[in-house]
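I opened my notebook to see how this chain is put together.

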Amino acid sequence: MNPEHLLTVNGERRPYPTARLSDGKPRSIMFDANACIGCRQCVEACKDWNELPRGNQYKINPSTWLTMEPPLLEGIASIWGRNSCMHCEYPVCAAVCPVEAITKFDEGPVVIDQSLCIGCEYCVYACPWHVISKSDVTGKATKCTMCVDRISENKEPFCVQACPANALAFGTVEEIFAKVEERAASFGGKVYGKAEAGGTHVLHALTQEPEAHGLPRLEPDRYPKHDIPLDKKIKGVLTMTAGIEGKVRAVKNAVTKPWRLKYRYWHTPEPPR
């Protein structure tokens, strides 16, 4: 991975590493809230594929990367929503990372490199969907990877494969854009994720307003404004977070790429293009 090469995409400078898994064709996941039956097979499939502990499946945490909202017993709600990483086209979690531990792949996934993460929690607080957790065991940030290992082999994410109700689909951005629009139009619903935060690679066909599905209402601005606590920012600067190696990496990035600091310390959203 060549960091200098990876900081640009189509001539646009990105404040985080980017890379390619295979063919470079952007892909997306579709969630159809109208078709979802709340069985949570997708939740358990995510745990199985990623070898995460069973249980504790009602709230995003280090062992649960995907939840179905509301947190009720399977099938008894009248409306369902998917809660997981949205794999933003412009991930603010990656933009604020001081050690460039988060990579945006051309195919869509946003992935945290566990070997580089220093556990500073900037990404946890910056994520507008609040779907990143810090592991009590490793001290590292964790979240859905969009089954990046499967996508690299041209396979669909395991949650999509496991859905018995045809509420999930996976394909190229063009295919999923068309499918989610068609699904939403078939029941007079709304498309979510296409414009929010500059666009994402997880698109929802919603039956109600986003809030009813447990989703925040976000503007189309890229890199949404975040609320990283001041004490976290001070601690990141003054302490040896994750030891000397992590500190050296953070300082080196700050010195060689100072333009990235604005996303962390005096950040304002960038308007959509």
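Over which ring does the charged end of Arg222 sit? I found it over the ring of Tyr90, 4.6 Å from the ring's centre. For my test, a charge sits over a ring if NZ of Lys or CZ of Arg is within 6 Å of the ring centre and within 35 degrees of the ring normal. I noted Lys194 too: its charged end sits over the ring of Phe177, 4.6 Å from the centre.

**Ground rules**

I am reading a predicted model, in which local features need pLDDT of at least 70 and side-chain atom pairs count only at pLDDT 80 or more, while totals for chains, interfaces and linings use all residues. Residues are numbered from 1 along each chain as its sequence is written, and side-chain values use heavy atoms, with hydrogens and water left out.

**Overall form**

I looked up 10 helices and 13 strands. Here helices (H or I, at least four residues) and strands (E, at least two) are DSSP runs, numbered from the N terminus. The radius of gyration is 18 Å, close to the 19 Å from the globule rule for 273 residues, so the protein is as compact as a globular protein of that length. That radius is taken over C-alpha atoms, and the rule is 2.2 Å times the number of residues to the power 0.38. Along the principal axes, the C-alpha atoms fill a box of roughly 50 × 40 × 35 Å.

I also wrote down that 53% of the 273 residues are buried. Buried means under 20% relative accessible area, exposed over 50%, and partly exposed in between (1.4 Å probe, protein chains only). Of the contacts with a separation of 6 or more, 64% are between residues 24 or more positions apart; contact means heavy atoms within 4.5 Å.

**Aromatic rings**

I learned that a pair of aromatic rings is described by the distance of the centres and the angle of the planes. Rings of Phe, Tyr and Trp (its six-membered ring) pair if their centres lie within 6.5 Å; planes under 30 degrees apart count as stacked, over 60 as edge-to-face and the rest as tilted. The structure holds five such pairs.

One of them is Tyr16 with Tyr223, edge-to-face, at 6.3 Å centre to centre and 65° between the planes. I traced Tyr16 to the loop between β2 and β3 and Tyr223 to the loop between β13 and α8, 207 residues apart. Both tyrosines are buried. Tyr223 also pairs with Tyr263: their centres are 5.1 Å apart and their planes at 70°, so this pair is edge-to-face. Tyr263 is in helix α10, so the pair ties together parts that are 40 residues apart in sequence. Ring pairs link Tyr16, Tyr90, Tyr223 and Tyr263 into a cluster.

**The nonpolar core**

Next I checked the inside. A nonpolar core is a set of buried Ala, Val, Leu, Ile, Met, Phe, Trp, Tyr and Cys residues joined through side-chain atoms within 4.5 Å. The largest one has 59 residues, and Ile102, Trp129 and Ile132 have the most contacts inside it. Elements giving it two or more residues include β4, α2, α3 and β13. Helix α3 makes the largest contribution, five residues. Apart from this core lies another of seven residues, among them Met30, Ala169, Ala184 and Leu203.

I followed Ile132: beyond four places in sequence, its contacts include Cys93, Ile112, Ala141 and Thr142. Thr142 is in strand β10 and counts as buried because its relative accessibility is 10%. Among the residues it touches are Pro62, Trp65 and Gln114.

**Helix α2**

In α2 (residues 41–49), I found Cys42, Val43, Glu44, Ala45, Cys46 and Lys47 buried. Their cover includes β5, α6 and β11.

My reminder to myself: most residues other than glycine have a negative phi, and most peptide bonds are trans. Yet Arg40, in the loop between β4 and α2, has a positive phi of about 65°. Arg40 is buried, at 1% relative accessible area. After α2 comes Glu51, with a positive phi near 55°. Ala197 also has a positive phi, near 55°, and sits in the loop between β12 and β13. At 0% relative accessibility, Ala197 is buried.

What is the peptide bond from Glu69 to Pro70, cis or trans? It is cis, with omega near 0°, and Pro70 lies in the loop between β5 and β6.
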